Amino acid sequence: MSSGQQVLIKLRKMIIAGELAGGSRIAEIPTAELLGVSRQPVRMAFRLLEQEGLLIKNPTRGYVVREISDQLIQDAIEVRGVLEGLAAKTLAEKGLNDEQKSTLKSCIEEIEKLFAAHSSFGDAEIETYDHFNAIFHDTILQGAKNIALMQALAKNNQLPFASAQAITFDSSQALSEYRRLHYAHLQHCSIFDALLHRQAGRAENLMREHSSVAILGETVRHLIAD
């Protein structure tokens, strides 16, 4: 795993756990010193965390940690579910082309291999899962060919945990987290089946349900609520 990815995971966990308090300022040099890395992976992680809505760019210098509430997360995830559900419905009505079929099937197969080879996940497995999960979601979104939908989803993705890339994994509850991601994978299989058979309503409903399960575990919900 790249140093940038390791720093991203570490900082994301620190924000979720409250080790980096909402409203506090965060800068490259002290963060790099804290984590024992160079400034480059920290810079990359900051940019990605800003995209995920966990950091807010400071107009003068550095970033500010976003104050996260349970209601904000729930609202953002609900909106994402509606938008991605519409994308799945639209793509099912259009029908999958050969390239889309191949891409979605490949994502499912690669994640299936991951679960077959590992009874628990570490950072490397999470990175691989995240990679193919992102491709799966992006293929459906791009396939809908709805610019307004894409712009709305991009805007919503700037809120905490709203993006498909904002996958969380609490290693202190590794078994339940592993099972949660496996359930999300099974949902991918069902979504693909609905798309394949042009079942628009089913695809939409599955995608809406999937949005919350795939992103946010109960552990993170409790951390935010507390």
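## Two helices that cross

Contact here means heavy atoms within 4.5 Å, and an axis is a line fitted to C-alpha atoms, for helices over the stretch in contact. With that in hand, let us look at this predicted model. Two packed helices are described by the angle between their axes and the distance between the axes. For helix 4 (residues 70-94) and helix 6 (residues 123-144), the axes come within 8 Å and cross at roughly 65 degrees. The crossing of helix 4 and helix 6 is left-handed.

Which residues make the contact? Helix 4 brings Arg-80, Glu-84, Ala-87, Ala-88, Thr-90, Leu-91 and Lys-94, while helix 6 brings His-137, Thr-139, Ile-140, Leu-141, Gly-143 and Ala-144. By class, 6 of these contact residues are nonpolar, 4 are polar and 3 are charged.

## The largest pocket

Helix 6 turns up again when you look at the largest pocket, where it supplies the largest share of the lining, 5 residues. This pocket has a volume of about 390 Å³. Its lining counts 21 residues, and those closest to the centre are Asp-138, Asn-157, Ser-163, Ala-164 and Gln-165.

Two or more lining residues come from each of helix 1 (3-17), helix 3 (39-51), helix 4, helix 6 and helix 7 (147-156). Sorted by class, the lining holds 8 nonpolar, 7 polar and 6 charged residues.

## Aromatic pairs

The model has 5 aromatic pairs. One of them joins Phe-46 and Tyr-63, with ring centres 5.3 Å apart. Why is this pair edge-to-face? The planes of the two rings stand at 65 degrees, and planes over 60 degrees apart count as edge-to-face.

Phe-46 belongs to helix 3 and Tyr-63 to strand 3 (residues 63-65), so this pair links distant parts of the chain, 17 residues apart.

Methods:
Residues numbered from 1 in each chain as written. Predicted model: local features only at pLDDT ≥ 70, side-chain atom pairs only at ≥ 80, totals over all residues. Heavy atoms only, no water. Axes fitted to C-alpha atoms, helices over the stretch in contact; angles between N-to-C directions. Helix = DSSP H or I, 4+ residues; strand = E, 2+ residues; numbered from the N terminus. Left-handed = near helix turned anticlockwise from the far one by under 90°. Nonpolar A, V, L, I, M, F, W, Y, C, P; charged D, E, K, R; others polar. 1 Å grid on protein atoms, 1.4 Å probe; cavity = no way out; pocket = protein on both sides within 12 Å on 5 of 7 lines; lining within 4 Å. Points joined across faces, edges and corners; volume = space filled by probe spheres on them. Phe/Tyr/Trp six-rings, centres within 6.5 Å; stacked < 30°, edge-to-face > 60°.
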